[in-house]
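Visitor: I would like a close look at one part of this model, its open space. Please keep to computed values and give the cut-offs.

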Amino acid sequence: MLNIHRLSILTQFELKRIFNTKNGLIALTAFCAVWFILLTYVISSATELVFSDGFKVAASALFGSLGVSALLKWPVAEFSIYWLVAVYSFPIFTFLVSSDQTCSDRARGTLRFITLRASRSEILLGRFLGQFLTLVSLILLTLVACVILATVRDNALFLSALKQAAVLFIELAIIILPFIALMSFFNSILSSAKMSIVAGILFYTIGALVIGFIQFQLDSGLFLNFIFPGTQISSVVSLDGLDFYHYLIPILQTIVLLFVADKLLKRASI
């Protein structure tokens with residue numbers, strides 16, 4: 001049975017690794033620098049373009065199938081561009097950041113020491129929750145910056161920007177869940193963060209080829225695509241007419257991946 005106190009300590013340790021260590025602060029500074037550039041030179045600069053009729057016509061023609069044209073109707077133009085950047089960049093960023101949940105501890109031999117004070121399930125879930133809280137904190141940081149950017153342009157947009165930010169925060173938090181769980185899975189069988197990243201890349205590339213071949217042979221099997229985290233992203237870009245089904249996919253992927261990772265970690269030699 002999971003011990004909440006031990007679980008919270010493991011979660012806090014993950015948070016301290018990014019917010020209270022030298023390497024973590026360097027990574028945080030780099031993240032802030034990248035998003036400062038995106039907000040200043042991409043999102044802010046593109047706001048005027050979004051309002052132009054020519055851009056709306058071009059976006060509807062080129063990206064109508066993805067529902068991107070629906071984003072142009074949002075009251076806060078900054079969030080239209082922010083969402084397009086964040087919905088694809090944060091899964092990739094999550095993929096990289098969460099690649100070392102237990103790998104370094106296993107390589108140093110400290111994971112065995114930690115198992116003397118906590119169960120392997122608690123370690124797995126604690127590290128997962130720590131990574132999740134770290135990433136949603138960074139998402140919140142970028143959303144606050146975007147709200148400020150929109151408010152500086154027009155004070156009347158403040159409330160609309162807050163409402164839109166709250167919606168996007170929930171959407172992004174759900175989207176990144178299976179990506180963290182996927183790296184938890186690879187961490188349960190590998191002892192190197194780099195190898196976890198490589199395994200993830202191979203999972204998406206070779207896995208896509210294999211499933212594509214199976215679908216070609218059977219002329220069916222579209223459901224196999226659901227083993228890939230993020231498979232629903234293209235259908236939620238517009239955020240228009242979404243139902244519970246679109247939220248259920250990443251949640252189920254997360255549960256299944258964590259369940260398998262837990263079983264593998266319990267049997268792994270550390």
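Which element gives the most to the lining of the largest pocket, and with how many residues?

Guide: The model is predicted, so local features need pLDDT of at least 70 and side-chain atom pairs count only at pLDDT 80 or more, while totals for chains, interfaces and linings use all residues. Residues are numbered from 1 along each chain as its sequence is written, and side-chain values use heavy atoms, with hydrogens and water left out.

H2 gives the most to that lining, with six residues. Helices here are DSSP runs of H or I with at least four residues, numbered from the N terminus. A pocket is an open set of points on a 1 Å grid over the protein atoms alone, where a 1.4 Å probe fits and protein lies on both sides within 12 Å along at least five of seven lines; lining residues have an atom within 4 Å of a point.

The largest pocket has 21 lining residues, and nearest its centre are Arg17, Ile18, Ala27, Val97 and Gln131. Two or more lining residues come from each of helix H1 (4-19), helix H2 (22-51), helix H4 (77-97), helix H7 (120-153) and helix H9 (193-218). Its volume is about 520 Å³, taken as the space filled by probe spheres set on grid points joined across faces, edges and corners. By class, eleven lining residues are nonpolar, six polar and four charged. Nonpolar means Ala, Val, Leu, Ile, Met, Phe, Trp, Tyr, Cys and Pro, charged means Asp, Glu, Lys and Arg, and the others, Gly among them, count as polar.

The second largest pocket holds about 250 Å³ of space. Among its 13 lining residues, Phe179, Tyr204, Pro229, Gly230 and Ile233 are the closest to its centre. Here H4 supplies the largest share of the lining, five residues. The classes divide into ten nonpolar, three polar and no charged.

H7, one of the helices lining the largest pocket, also contains Ser121. Ser121 is buried because its relative accessible area is 17%, and buried means under 20% (1.4 Å probe, protein chains only). Apart from neighbours within four places in sequence, Ser121 is in contact with Leu2, Asp262 and Lys266, where contact means heavy atoms within 4.5 Å. With the same exclusion of neighbours within four places, Ile176 is in contact with Phe90, Thr94, Phe132, Leu135, Val136 and Ile139.

Notes
Buried < 20%, exposed > 50% of the residue type's maximum accessible area, 1.4 Å probe, protein only.
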